[in-house]
Amino acid sequence: MDRKGGLTVGEVAQRSGIAVSAIHFYERKGLISSSRNSANHRRYSATVLRKIAIIQVAQRAGVPLREIAEAMSFLPPEEKVTVDHWEQLSSNWASELDDRIARLQRLRKLMDGCIGCGCLSLNTCKLLNPDDEIGANGPGPRFLEEDAPETLDF
């Protein structure tokens, strides 16, 4: 279906498995691009299919669209995404994903402790920050931050 003039938005949707509205959304966010034909219809290069696949993988990993757009900004607009490109993208996201995994593991550990004791006491529950121990480390919920005190181990 990859005609000389490029793929229609419907063809991209069919081949990528995402909705037309998602394709338009990705384009508005600067993640993909199209050209216009003489009838002013959008046409997409077949290279957009691999970019959409990368966007979907990154989103499933929890990478925000803004960060996906920043990371993909070095990709040539009409060139095929290569293995080298993917290695660069994935290595950029690796440390962020490692950090997210560590935060989620801390959350799971704290939740298990709270569920395990069952007290839900505002005075003694470590999950609710007794005596505002963590307040010195900054505003907001700090239990998931890397600077949370180690004394919260269960």
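Is Glu96 buried, exposed or partly exposed? Select it: Glu96 is partly exposed, with a relative accessible area of 21% (buried means under 20%, exposed over 50%, partly exposed in between, with a 1.4 Å probe and protein chains only).

The model is predicted, so local features need pLDDT of at least 70 and side-chain atom pairs pLDDT 80 or more, while totals for chains, interfaces and linings use all residues. Residues are numbered from 1 along each chain as its sequence is written, and side-chain values use heavy atoms, without hydrogens and water.

Arg100 is partly exposed at 25% relative accessibility.

Now select Glu27 and Arg42, another salt bridge, with the closest N and O atoms 3.1 Å apart. Glu27 is in helix H2 and Arg42 in strand S2 (residues 42-43), so the pair ties together parts 15 residues apart in sequence. Glu27 counts as buried at 19% relative accessibility, whereas Arg42 is partly exposed at 26%.

Move to Arg66, Glu67 and Glu70, which are linked in a network of salt bridges. Between Arg66 and Glu67 the closest N and O atoms are 3.7 Å apart. Arg66 is exposed at 52%; Glu67 is partly exposed at 21%. The whole structure has five salt bridges.

Conventions:
A salt bridge is a side-chain nitrogen of Lys or Arg within 4 Å of a carboxyl oxygen of Asp or Glu. Helices (H or I, at least four residues) and strands (E, at least two) are DSSP runs, numbered from the N terminus.
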